[in-house]
Amino acid sequence: MMESKEKEYITSVGEGIYSINTGDWRINEPVLDQEKCKKCGLCFLYCPVFCIEKKDDYYEINYDYCKGCGICARECKSGAIKMVEKGSSSYAKN
Amino acid sequence: MKYRDILMEQEDLVSPGISACQGCGAELCLRTALRVLGKNTVVAIPPGCLAGAGVVGWNYDNGLKIPVHITLLDNTASFLAGVKELYDYLDEDVQVVAIAGDGATADCGFQSLSGAAERGHNIIYICYDNEGYMNTGFQRSGTTTKGSHTSTTPVGSLIKGKAQHKKDMPMIMAMHNAAYVATLNPAYMKDFVSKLKKAMSVKEGLSYLHVCSPCPTGWRFNSDLSIEVARKAVKTNFFPLYEYENNSFKLKKVANPEPVSNFLKLSKKFKHLDEKDIEEIQAHVDEKYNNLVNLAGENIN
């Protein structure tokens with residue numbers, strides 16, 4: 001029997017990962033103003049979909065699966081995140 | 001290590017796109033909990049919001065990057081007790097975790113959970129309490145707050161929402177003398193992570209974690225208010241943060257608690273309540289809180 005440390009997964013986990021494109025859902029999307037951002041990480045903690053990514057010394061929004069709930073914009077203490085209509089910002093990919 | 005570093009360094013073990021509603025408290029709790037629990041974990045999820053959202057996968061695909069089982073609504077704890085016994089027999093140190101809704105915990109799954117707690121199986125049971133069967137259309141459950149407008153307790157001329165008070169699930173588990181019982185709230189992440197770490201360190205007996213999980217769709221508030229609603233639940237003493245271990249309670253005190261109406265007014269499911277109803281809920285909240293203060297004695301911080 002293999003040592004549990006050596007095994008990446010402890011039992012079979014299926015052939016792939018089930019995932020749906022929740023990025024399609026959003027009507028409004030968050031836009032992060034890097035100049036106003038105080039790097040506190042509250043948006044990272046509270047995003048239910050974990051769309052906020054920590055880069056070396058700043059945070060970035062990954063729009064692939066963002067559902068547009070708006071929690072990040074409401075919880076941001078420095079007002080760096082604004083909700084805008086989908087497609088109206090240059091940050092958005094789709 | 002700081003709690004934020006713990007969260008930032010760990011991989012997200014959930015599929016990136018699961019179909020939980022916008023602003024879902026349960027999704028945040030699931031992702032955060034699995035980041036803390038890590039890869040050496042087997043998860044069981046009974047039917048409910050998270051199973052419905054695709055966390056248990058579909059066909060040959062898995063919703064988590066770790067093993068996950070969908071149990072029946074009423075056998076989650078006994079299922080995991082068996083799984084844990086197997087790994088003990090194989091002499092492998094594996095964390096066995098249930099992530100269940102309040103219906104699968106306090107109502108349908110209660111007898112198996114009660115049995116597992118009494119026998120003292122070493123499992124971590126996380127209950128996300130969204131106060132109802134939200135997955136099937138917001139029916140009332142045992143943990144629904146009095147006065148809530150749900151699809152089976154509608155507001156009309158004869159009845160005005162649910163007539164009974166909420167079942168106090170964490171206290172019931174504490175009275176089972178479980179190894180560790182705690183209430184968690186996603187708005188208080190430091191506390192959330194430290195309590196999960198504590199549950200992980202328990203090597204004998206059952207750990208029960210009761211998580212406040214606001215439901216934007218069922219409670220009817222805007223999705224961006226999820227964390228605010230969870231925070232108000234603590235600030236009004238509606239959902240006090242406490243722990244139970246070794247026969248003693250430890251309570252986190254809120255400075256200057258707000259009236260419970262500040263919490264109730266955020267959700268439209270409480271929209272119809274008049275002053276008398278709110279007074280009644282306030283009296284119930286105060287009674288429960290005073291009871292906790294008495295139980296905690298000197299362990300209040």
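Lys39(B) is partly exposed, with a relative accessible area of 29%; the term covers values between buried (under 20%) and exposed (over 50%), for a 1.4 Å probe and protein chains only. This is a predicted model, in which local features need pLDDT of at least 70 and side-chain atom pairs pLDDT 80 or more, while totals for chains, interfaces and linings use all residues. Residues are numbered from 1 along each chain as its sequence is written, chains are lettered from A in the order in which they are written, and side-chain values use heavy atoms, without hydrogens and water.

The partner of Lys39(B) in a salt bridge is Glu11(B), with the closest N and O atoms 3.6 Å apart. A salt bridge is a side-chain nitrogen of Lys or Arg within 4 Å of a carboxyl oxygen of Asp or Glu. The two residues are 28 apart and link distant parts of the chain: Glu11(B) is in the loop between helix H1 (3-9) and H2, Lys39(B) in the loop between H2 and strand E1 (41-45). Helices (H or I, at least four residues) and strands (E, at least two) are DSSP runs, numbered from the N terminus. Glu11(B) also counts as partly exposed, at 38% relative accessibility.

## Other salt bridges

Over all chains, 20 salt bridges are found. One of them joins Lys195(B) to Asp191(B) at 3.0 Å between the closest N and O atoms. Because they are four residues apart in helix H8 (residues 189-201) of chain B, about one helical turn separates them. Both Lys195(B) and Asp191(B) are buried.

Helix H8 also holds Lys198(B), which pairs with Glu243(B) in strand E8 (residues 242-245), 45 residues away; the N to O distance of this salt bridge is 3.2 Å. Lys198(B) is partly exposed at 25%, whereas Glu243(B) is buried at 12% relative accessible area. Salt bridges with shared partners also join Lys67(A), Asp12(B), Glu27(B) and Arg31(B) into one network.

## Cavities

On a 1 Å grid over the protein atoms alone, a cavity is a set of points where a 1.4 Å probe fits but cannot get out; lining residues have an atom within 4 Å of a point. Grid points are joined across faces, edges and corners, and a volume is the space filled by probe spheres set on the points. There are five cavities of 30 Å³ or more.

The largest cavity has a volume of about 350 Å³. Of its 25 lining residues, Lys166(B), Asp168(B), Phe238(B), Pro240(B) and Lys288(B) are the closest to the centre. Helix H7 (169-175) and helix H12 (275-296) of chain B each give two or more residues to this lining, and H12(B) gives the most, with seven. The second largest cavity holds about 110 Å³. Among its 15 lining residues, Cys47(A), Cys66(A), Gly68(A), Cys69(A) and Cys72(A) are the closest to its centre.

## Pockets

A pocket is an open set of points with protein on both sides within 12 Å along at least five of seven lines. The largest pocket has a volume of about 300 Å³. Of the 18 residues lining this pocket, Phe50(A), Glu53(A), Asn62(A), Asp12(B) and Arg35(B) are the closest to its centre. Strand E3 (52-54) of chain A and helix H2 (25-37) of chain B each give two or more residues to the lining, and E3(A) gives the most, with three.
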